[in-house]
Amino acid sequence: MTNERLRKSGRLPKSERGVCLLNSELAGFVQNDKMKKEFSFLLGFVFLLMVFGCVTNRATEVPILTYTPLPTQTRTITPTEKPKPTKTLVPTPTLVFVTLLSPFASNCGDGVPVVWSNDSYNDRWYPKCNDADHGHVDIFVPIGCNVNNYDGEVIAPVSGFIQKYTFDGGWGYHLFLPDGVLIDGIEEALKFSGIESPNLRNIASMWLDIGHADLVEGKVEKGQVIGDVVPFCSGTDCHSKIGYKVSLTYEGQEYVFTPTLFPNILADGTILKPMLNGTQENWLCNADTPYRDFANSDEDCIPEPHDYAPGCKIP
């Protein structure tokens with residue numbers, strides 16, 4: 001069998017088999033080497049694509065802006081309505097009431113004042129509504145009190161501040177009570193004048209009017225000696241008395257009252273009762289004393305409301 005036939009049949013001689021095998025392995029090696037080169041080339045090409053792609057992406061990449069946070073701002077709220085201030089409640093002060101003392105020293109005579117002329121208006125004060133029998137109150141010194149031999153027969157009926165005033169060549173004194181201090185009995189006195197339901201908080205100020213005396217000025221305490229009586233003389237007749245009224249401002253209007261509408265305390269503790277019911281109560285009137293013999297003395301002892309001079313024009 002020839003080599004060609006044997007080759008076709010696959011049956012080659014051993015010598016030829018080696019050559020074929022060598023050629024076959026060489027062909028495989030060549031083929032493998034070619035594939036390695038192609039594979040290496042392919043890897044290199046892929047790598048170049050990746051590098052070129054990264055470069056291209058970096059070149060065409062849009063830069064991202066870095067955000068810098070702004071400082072935090074506090075929002076100011078503008079109110080639509082002006083805030084109303086909070087009202088601070090101020091406690092209403094408590095009114096203090098004091099009882100009048102007799103205006104005379106307890107050891108000057110028997111210490112009991114005597115009512116001579118009891119003619120205060122006991123209502124609103126109006127100018128030129130007074131005469132000899134209207135608009136004035138006089139209280140005699142106690143029986144047996146010799147003002148010429150006694151030093152300091154006038155004492156303060158209440159605590160307060162004394163201020164001197166002048167009028168028509170004469171003079172008198174106001175004894176102002178402290179703010180918030182009222183004389184005991186003022187509510188009944190206001191009712192006596194015609195005010196049905198007085199509101200005592202509408203009293204702006206309260207004071208005593210004292211005349212026919214020479215008094216100290218300034219701050220005084222209740223019961224303190226404040227001066228001497230200056231006798232009122234008409235010709236040879238001299239009266240040892242003081243002019244004495246209670247005054248106040250109520251709802252912007254000045255009122256004047258006789259002190260006999262208020263309780264008064266004597267040194268021994270006796271309370272002279274207010275003359276509110278048309279009687280003199282336990283007050284001593286000049287008709288029952290030696291003073292009835294003095295000139296110009298009368299028996300007008302009981303107070304009256306609206307006691308104005310006849311013909312007085314009241315607004």
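This is a predicted model: local features need pLDDT of at least 70, side-chain atom pairs count only at pLDDT 80 or more; totals for chains, interfaces and linings use all residues.
View 1. Strands of a sheet pair through backbone hydrogen bonds, either parallel or antiparallel.

**View 2. The pairing of β2 with β18.** Strand β18 covers residues 264-265 and pairs with β2 in the parallel sense, over two bridges. L101 stands opposite I265 in β18.

**View 3. The largest pocket.** The volume of the largest pocket is about 1200 Å³. Its lining consists of 40 residues, and N130, G135, H136, F167 and K245 lie nearest the centre. Elements that give two or more residues to this lining include β3 (114-119), β5 (136-140), β7 (160-167) and β8 (170-176). β10 (203-211), β16 (241-250) and β17 (253-257) also give two or more. The most comes from β16, with five residues. By type, the lining of the largest pocket has 18 nonpolar, 12 polar and 10 charged residues.

**View 4. The second largest pocket.** This pocket has a volume of about 180 Å³. It is lined by 14 residues, of which L95, D179, G180, I203 and A204 are the closest to its centre. Two or more lining residues come from each of β9 (181-183) and β10. β10 gives the largest share, four residues. The lining of the second largest pocket divides into 10 nonpolar, two polar and two charged residues.

Technical notes:
Residues are numbered from 1 along each chain as its sequence is written. Side-chain values use heavy atoms; hydrogens and water are left out. Two strands pair if DSSP finds at least two bridges between them. On a 1 Å grid over the protein atoms alone, a cavity is a set of points where a 1.4 Å probe fits but cannot get out, and a pocket is an open set with protein on both sides within 12 Å along at least five of seven lines; lining residues have an atom within 4 Å of a point. Grid points are joined across faces, edges and corners, and a volume is the space filled by probe spheres set on the points. Ala, Val, Leu, Ile, Met, Phe, Trp, Tyr, Cys and Pro count as nonpolar, Asp, Glu, Lys and Arg as charged, and the others, Gly among them, as polar.
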